[in-house]
Amino acid sequence: MNAKPRLAVFKFASCDGCQLQLLDAQDRLLELAGRVEIDHFLEASSRVVPGPYDMGLVEGSITTIEDEERIREVRRQCRFLVTIGACATAGGIQALRNWGRIDDFRAAIYATPETISTLATSTPIADHVPVDFELRGCPIDRGQLIDLLTAVLLGRKPHVPGHSVCVECKARGLVCVAVAKGIPCLGPVTQAGCGAICPAHDRECFGCFGPSESPNLVSLTGFYERRGTPRDSLMRLVRSFNAAAPAFRAESDRLEASE
Amino acid sequence: MTPPSPGSWHWLDRAGLQLVVDALRRQGHRVIGPQVADGAIVLRDLASVTDLPTGWLDDQDGGSYRLRHDPTAGTFDHVVGPHSLKNFLFPARETVASFARDDGTWTQAPRSAAESPLAVLGVRGCDLAALAVQDRVFLGSGYVDEAYKARRERLFLVAVNCRRAAATCFCHSMGCGPSAGPVFDLALTEIGNRFACEVGSDHGAAVLAAASEAGAVLAACTASEIDAAGAVPRDLGSRMHARQTVNDTPSPRSLDTHGIRDLLMRNLEHPQWDEVASRCLSCTNCTLVCPTCFCSSVQEVADLSGDQVDRERHWASCFSLDHARMHGQSVRSSTASRYRQWLIHKFATWIDQFDTSGCTGCGRCITWCPVGIDVTREIAAIRATDGAAAPETGRGTS
């Protein structure tokens, strides 16, 4: 590779938290800036160099007609397209709208609902264009992002395991909050990557990284229910940041239907 | 006073035990001991014997662990928690080598300075047996793990003879407890407010002598006192074999190990594998808390330039898809195949490979399974319907 590879960062419906993981990378960001041309990153700089780009990072979900068109153009401009975060890979927390009526939300929130143009659903990028790699998380893990960029630069496979959060708890020597405290925790069915932040603070895993590689939600929620957690609480635990990820969606629908 | 020597027994009170800890620390040991933290009894650096979990009991069952304070409980009446010697001798993550590239030439960085030797207090029979199993894996197979070896050779073991069993314990079935052995430096049997301390090695004798010089009173145990101390774990073992309720803890589990290798090997297509797979989460907890599971994976972690590379080893589990990934796909794609791989390795092919079972009956895999899958019940279910064959499920070897 003679010329430095060109990197672009794009935002769709999202809170910007995943892009912030890149901005907050500090020393690593400076190091990265020395190895790639950051040609489109509006959160960091108003300097924009037109595409095409070698690699595009896409944050956010598709929630408007304009988004649907823009993502196709972004795809055309990026040789390697990576979605970053729960919004881009699963529709995000805003995919809760998929279970409601968009007109009701519009009327409840906006003074002039007729001026709001939006789709009825929030959908992941991969529902609209082919995606080369997905980084999970709400937000993504900075270490995984840097690892992915390093992997692309060095031409190797990224170290992004599909196993459960439990692996990270056990590696840190944390005591399992589900077993020792009876707290319903999504860690056993959630993909690792966060470093087990919530269990380290005595809280359950909320499933920010979406379903693990072979999740068995029916077994886990059934066990928690037999231990006394109401089905409705379990439904809401599963239906959150990654509500529309297929495995989580199927389970929250199943729990809701059988309430 | 009789000077301590291998095979001798001495009384130690709590102050004496502190002097043993102090003596170990003076020798440069990092002293690890059981302590209450985060709702469990964990192993961590021990500052003082007052931090030991005196008066705490652990109620354990499938997928459940709860501490209970009982003023009549001793210092070591809890059993095993989520941690084991494995966490210290074979840590979850370890940099095994580092390399730097300069002008196209690679140089390996020298290994970092030696760690302090470890001393672990409160190690039970099941975990001593697990240590012997890991020794075979890491030291005895012809491929010696140097990092493990360095820690193992300097390890000081203060064992404890159990006088209580949790409902998840089945060491008696596996022949691994509740007596401490075969190898330890010192072994404690708690009687009243003091400990009958058996010396198991020259190093143990030297540490006890050092504690004595620092003021520990080491009355020699009489022959009848030694008999009484020896009876403590033996009586517990008898009650475990009889599956009696021990104090107010439900009766321990048990496992019929008769012909277990052949039982499992002739039931590779038993329908129980699919039944357990409907409950198994593939979350890896059973393998990570298991004191004998030894699988690891190695990856190169480079900086953005690729000029600085660390070779990192981390725990791996046969419940993850990557563990059996080859030529682009996992050869054990179903949960049934992964559970079967784990259980059959642990209880059957381990015997072929290492001439010992991989299970010591510590019960951690039962307690720390988030949905309480119980290996003793799974094996009992297979034994009860020995020879049953699953309808063709397509599970096969995958």
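## A salt bridge in chain B

B:Arg313 and B:Asp145 form a salt bridge in which the closest N and O atoms are 2.4 Å apart; the term denotes a side-chain nitrogen of Lys or Arg within 4 Å of a carboxyl oxygen of Asp or Glu. The model is predicted, with local features requiring pLDDT of at least 70 and side-chain atom pairs counting only at pLDDT 80 or more, while totals for chains, interfaces and linings use all residues. Residues are numbered from 1 along each chain as its sequence is written, chains are lettered from A in the order in which they are written, and side-chain values use heavy atoms, with hydrogens and water left out.

## Domains of chain B

Chain B comprises domain 1 (9-241) and domain 2 (260-384), the bounds coming from an automatic or database domain assignment. Their C-alpha centres are 25 Å apart. Contact, meaning heavy atoms within 4.5 Å, involves 43 residues of domain 1 of chain B and 40 residues of domain 2 of chain B.

The two domains of chain B bury about 3,500 Å² between them, 57% of it from carbon and sulfur atoms; buried area is the accessible area (1.4 Å probe) that two parts lose on being put together, summed over both. On the side of domain 1 of chain B, B:Lys86, B:Phe90 and B:Phe170 supply 17% of the area buried against domain 2 of chain B, more than any other three residues. Across this interface there are 4 salt bridges and 30 residue pairs in polar contact (both at pLDDT 80 or more). A polar contact is a pair of N or O atoms within 3.5 Å; within protein, one must be able to donate a hydrogen and the other to accept it, and residues adjacent in sequence count only if both atoms are side-chain atoms.

## Domains of chain A

Chain A is assigned domain 1 (6-154) and domain 2 (165-257). Their contact takes 15 residues from domain 1 of chain A and 18 residues from domain 2 of chain A.

Between these domains of chain A about 1,200 Å² is buried, carbon and sulfur atoms giving 60%. A:Ala90, A:Trp99 and A:Arg136 lose the most area on the side of domain 1 of chain A, together 48% of what that side buries. The interface has 0 salt bridges and 4 residue pairs in polar contact.

## Interface of chains A and B

Contact between the chains joins 44 residues of chain B to 31 residues of chain A. About 3,100 Å² is buried between chain B and chain A, with 58% on carbon and sulfur atoms. B:Leu281, B:Leu304 and B:Pro370 provide 23% of the area that chain B buries against chain A, more than any other three residues.

The count between the chains is 0 salt bridges and 13 residue pairs in polar contact. Strand 12 (296-302) of chain B is one of the elements that each supply at least two residues to the side touching chain A, and this strand gives the largest share, 4 residues. Helices (H or I, at least four residues) and strands (E, at least two) are DSSP runs, numbered from the N terminus.

## Local features of chain B

B:Thr189, in strand 10 (residues 186-191) of chain B, counts as buried because its relative accessibility is 0%. Buried means under 20% relative accessible area, exposed over 50%, and partly exposed in between (1.4 Å probe, protein chains only). The side chain of B:Thr189 makes a polar contact with that of B:Asn161 (2.9 Å).

Helix 11 (residues 335-354) of chain B bends by about 55° at B:His345, the angle being that between axes fitted to the seven residues ending there and the seven starting there. Of the 20 residues in helix 11 of chain B, 15 are buried. Just after this helix, B:Asp355 adopts a positive phi of about 60°.
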